[in-house]
Amino acid sequence: MGGSIKDIFKRIRKIQILCHMVILGISLPGNASLFYSYLLRLASFDVIPMDYAFGRIFRWEFVEAKNLNFELAGYSSYHFIPNMGSVFLLYVVLPLVLAVLAGLYYSENEDVKKVYDKTK
Amino acid sequence: MIATSFALEINLLIFNEQNTTLTHTTKEESLYFLHFGYLLDLLVAAVTGIAMLGFVVFVPVYYAKEAQFIRVELCDVEFKEKFGYMYEDMNTRRMGASVFAYPTLVMIRSLLLAVSIVYADKWPYFQFCLVNFSSIAMIIMVGNGDYFKLPAEKGWDLFAEFVILIINYHLVILNDVLLEPIARQQVGLSLIIFSGLLIVSMIGLMFWSSIKIVYRFYELRRLLHEAEDARDRVSRIDAYRRKAIDKYNKE
């Protein structure tokens with residue numbers, strides 16, 4: 001099953017490479033620009049718009065994008081967290097999930113062990 | 001995406017290249033929010049950078065040094081259960097530890113692309129050459145070896161690389177060879193068609209993988225039920241036989 005999930009990530013990586021090729025230092029014709037602006041939303045995995053949340057939590061200095069292609073691709077800043085968008089949530093959620101799994105794994109409690117075996 | 005974001009952060013830190021137009025934070029706010037934000041930003045970027053570079057350096061060095069040792073260990077069930085995720089869909093039986101060359105090259109290629117996008121935006125031909133040669137390197141590597149368990153995977157990977165090469169040639173033409181607007185629109189249309197081809201095939205394969213996950217899950221459940229039924233039947237037959245033997249002994 002893990003192999004199949006890996007398959008999905010492999011495909012997404014190919015689409016991401018394709019999307020990043022249009023950020024190379026060229027000016028695209030209008031039709032291609034429009035197409036890629038939609039495509040990049042799909043490939044960037046930005047499922048939850050985080051701009052508002054980031055704006056409330058952090059006060060960044062207002063920095064313009066490197067150039068128009070970067071703006072189009074969603075890299076509207078030079079900072080890492082705003083550019084990552086909702087992928088940044090993984091940095092918060094993943095350690096929590098790992099901590100819960102480690103707690104289940106090392107627990108001596110029988111009920112907890114049963115829960116862990118079921119999740120396996 | 002992660003690599004590009006990281007490269008942009010480094011660009012900001014080392015070269016301090018940014019187009020700051022206005023600052024909307026007051027001095028009091030900046031003492032907490034601004035500094036906390038920057039600190040967290042740096043921390044996350046540093047962790048990601050270490051993980052990415054660690055992957056690029058650690059995997060080839062470790063597996064190249066310990067190739068003979070790992071070749072034995074790769075088939076080991078316990079080792080596979082713990083670290084098998086790295087090579088679950090790879091053909092380790094045929095290629096041994098050299099299958100790890102594939103994920104390493106993929107990672108190096110992504111890093112190079114990100115670096116060229118951020119730092120070489122003034123030299124488009126250098127970028128085109130980099131994309132071109134990295135795609136050709138991938139084609140040579142995948143074409144010469146059997147890195148995947150499923151033979152169809154090799155075909156799909158080669159197909160994706162060829163389409164990336166075709167798109168790269170479109171971009172070369174769009175750079176400064178072609179300046180007439182109508183011709184540019186036509187090349188743009190061709191670019192969209194080839195990109196669409198790659199995207200449709202990749203998304204189709206993604207759906208196929210998802211269907212495979214669900215199918216495998218239900219297949220596993222069905223097999224488990226069948227095994228339970230078979231076990232019940234065997235125990236019932238055993239009980240019947242024991243009863244028959246007892247009856248025979250009594251008679």
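User: What should I know before reading any numbers?
Analyst: This is a predicted model, so to speak of local features pLDDT must be at least 70, side-chain atom pairs count only at pLDDT 80 or more, and totals for chains, interfaces and linings use all residues. Residues are numbered from 1 along each chain as its sequence is written, with chains lettered from A and ligands numbered from 1 in the order in which they are written.

User: What does the predictor say about the complex?
Analyst: The predictor gives the complex an ipTM of 0.74 and a pTM of 0.73.

User: And what is the mean pLDDT of each chain?
Analyst: pLDDT is the predictor's confidence in each residue, from 0 to 100. Chain A averages 75, with 80% of the residues scoring at least 70. Chain B has a mean of 78, and 75% of its residues reach 70 or more.

User: Where is confidence lowest and highest in chain B?
Analyst: Lowest in strand S1 (residues 19-22) of chain B, at a mean of 46, and highest in H7(B), at 90. Over residues 20-32 of chain B, pLDDT stays under 50, and the model has 17 contacts beyond four places in sequence for them. A contact here means two residues whose C-beta atoms, placed from the backbone, lie within 7 Å.

User: OK, what share of each chain is buried?
Analyst: In chain A, 33% of the 120 residues; in chain B, 22% of the 251 residues. Buried means 20 or more other C-beta atoms within 10 Å of a residue's own, exposed means 12 or fewer, and partly exposed is in between, with C-beta atoms placed from the backbone.

User: Switching to packing: at what angle do H8(B) and H9(B) pack?
Analyst: Helix H8 (residues 151-177) and helix H9 (residues 181-250) of chain B pack at about 160 degrees, with their axes 10 Å apart. Axes are lines fitted to C-alpha atoms, for helices over the stretch in contact, and angles run from 0 to 180 degrees between N-to-C directions. H8(B) and H9(B) are therefore roughly antiparallel. The cut-offs are under 35 degrees for roughly parallel, over 145 for roughly antiparallel, 65 to 115 for roughly perpendicular, and oblique for the rest.

User: Which residues make that contact?
Analyst: Among them are Trp156(B), Ile166(B) and Leu174(B) of H8(B), and Val187(B), Phe194(B) and Leu205(B) of H9(B). By class, the contact of H8(B) with H9(B) has 14 nonpolar, three polar and one charged residues. Ala, Val, Leu, Ile, Met, Phe, Trp, Tyr, Cys and Pro count as nonpolar, Asp, Glu, Lys and Arg as charged, and the others, Gly among them, as polar.

User: How do H7(B) and H8(B) cross?
Analyst: The axes of helix H7 (residues 124-144) of chain B and H8(B) come within 10 Å and cross at roughly 165 degrees, so H7(B) and H8(B) are roughly antiparallel. The contact of H7(B) with H8(B) has 11 nonpolar, five polar and three charged residues.

User: And H6(B) with H7(B)?
Analyst: Helix H6 (residues 101-119) of chain B and H7(B) have axes that come within 10 Å and cross at roughly 175 degrees. That makes H6(B) roughly antiparallel to H7(B). Residues in this contact include Tyr102(B) and Leu112(B) of H6(B), and Phe126(B) and Met141(B) of H7(B).

User: Is Ser110(B) buried or exposed?
Analyst: Ser110(B) lies in helix H6 of chain B and is buried, with 21 other C-beta atoms within 10 Å. Ser110(B) and Ser134(B) are 24 residues apart in sequence and 9.4 Å apart in space, C-alpha to C-alpha.

User: Last one, where is Phe80(A)?
Analyst: Phe80(A) sits in helix H5 (residues 80-84) of chain A. Phe80(A) is buried, because 25 other C-beta atoms lie within 10 Å.

Note on methods:
Helices (H or I, at least four residues) and strands (E, at least two) are DSSP runs, numbered from the N terminus.
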